[in-house]
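Reader: Please take a close look at how the parts of this chain pack together, and state the cut-off behind each term as you use it.

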Amino acid sequence: MSESTSALDSAQLHAELDTIFDEVIDKLTDLVAIPSVAWPSFDPAHVRASAEAVASLARDLGLDVEILTAAQEDGTEGYPAVVASVPAPAGAPTVLLYAHHDVQPPGKSEAWTTDPFTATRTGDRLYGRGAADDKAGIMVHLTALRLLSDRLGVGVTLFIEGEEEAGSPSFRNFLETYQDKLAADVIVVADSGNWAAGTPALTTSLRGMCAVEFEISTLDHAVHSGMYGGIVPDAMLAMTRVLSSLHDENGSVAVSGLKSQAQSEIDYEESTIRDDSGVLDSTALIGTGSLASRLWTQPSITVIGLDIPDVDVSSNTLQSSLRAKLSIRLAPGDTPDNAVEAVERHLRENLPFGAELTIGDTEGGSPWQADMSDPVVQTAQQALNEAWGQDSVTMGIGGSIPFIADLLDVFPQASILVTGVEDPDARAHSANESLYLPDFKAAIVAEALLLQKLAHGCGLLGNRFADYYVVRGVAWRQAGSK
């Protein structure tokens, strides 16, 4: 790969991609065949094999390749990640291309219509575990680099993580251990999706998350419900009162202090939400405001755990204490610390009968909001528009990618782009996960276009690009400059 940056347009890139696309699918099929689940109950040799396969593909492109690990939070060695690089020409930016090679467990085999680890093409879709999330992301990066080849005019560092689906337990330590290897001006996280099949999107907001465990006690031991029921409040009664206070009559979060943001510019059709979620026809949707804002820019609280006796083994007993676990999704602009404080305060203020409350373990990840004035964000939108041949949209995601906050902490001057190949019917994490191949092709072309535009100083943005990065202390060359 050289410093040449002669530009290719979308049509040329699509034409070149067509000539190698069957080979790209074959390589993706080989990756899908490796059951790289980074969970303790699965064979770690498969994750190592997956890392080796990705490393081999990167070496074939002429990149300098390493397979690296870092310690997880408990001190054990993390799963292997691939780091591969090509240096930047003088004055050009370095772009970090992130994806992950580990996958979710396949789940019940009878729920799949195909073998989860045999990539199966049906029409415009390729089925298989990891076909979309996120081995397609790996192939987007590698194929964009292959298309540009000697025409690549930026530095690139490929960072393919090996434990994202397990919560990235070594991620922060990995960033800090290999900070010099991973330093970049732009970070592209290819682990999101598009608005719809055929409609490109740039993800510009992610909700954060935190979890709170707590215990409510009303007695020092369990007692007979016939002897004391009706006079002694059991822990279940107190717990139900507390849990019901978390939402108002519309199902909106009723915890004071949690932040919300403005309505989104685009919205879902209610039928889309119902079809995608599987909510029963008789069940009303909860919350107020646009559907997109409820998913992207408003908080949510879900009771995800409750320690109570199972119905099949229950007895006539007043329970003395109960534990519960809450999952809280945070709107952009909020913080996990604020959310934990707000939820704990709410629990104490709504605790009935003088019951005792004990707060247990908490965890959290920060939300994220893209800087829409960043020329790199605007340039990414241009690349999407050209690759798909239609205007892209900016969208949020109700879920979280907590490691985005780690990337910002370690590389505060980097521009972060969240892209991806999934669509609403990709069914990532579920049975019959699939990749919509027309969008896969367009995503490859879009990334190649983005890298070209970055090599040319974001071309169409002119001096706004230079001015923005001078303010941030980042010196990149301008188009036509030496």
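Author: Axes here are lines fitted to C-alpha atoms, for helices over the stretch in contact, with angles running from 0 to 180 degrees between N-to-C directions, and helices (H or I, at least four residues) and strands (E, at least two) are DSSP runs numbered from the N terminus. The model is predicted, with local features needing pLDDT of at least 70 and side-chain atom pairs counting only at pLDDT 80 or more, while totals for chains, interfaces and linings use all residues. Residues are numbered from 1 along each chain as its sequence is written, and side-chain values use heavy atoms, with hydrogens and water left out.

Helix α2 (residues 44-60) and helix α3 (residues 135-148) have axes that come within 11 Å and cross at roughly 15°, so α2 and α3 are roughly parallel to each other (angles under 35 degrees). The crossing of α2 and α3 is right-handed (the near helix is turned clockwise from the far one by less than a right angle). In contact (heavy atoms within 4.5 Å) are S50, V54, L57 and A58 of α2 with K135, I138, M139 and L142 of α3, a set that divides into six nonpolar residues, one polar and one charged.

By class, the contact of α1 with α13 holds 13 nonpolar, three polar and two charged residues.

Leaving aside residues up to four places away in sequence, L435 touches L28, D124, R125, L126, A131, A132, A136, V421 and F440.

Strand β13 (residues 321-330) contains S327, which counts as buried because its relative accessibility is 12% (buried being under 20% relative accessible area, with a 1.4 Å probe and protein chains only). Again not counting residues up to four places away in sequence, S327 touches C210, S300, I301, T302 and I304.

How values were computed
Nonpolar A, V, L, I, M, F, W, Y, C, P; charged D, E, K, R; others polar. Buried < 20%, exposed > 50% of the residue type's maximum accessible area, 1.4 Å probe, protein only. Parallel < 35°, antiparallel > 145°, perpendicular 65-115°, else oblique.
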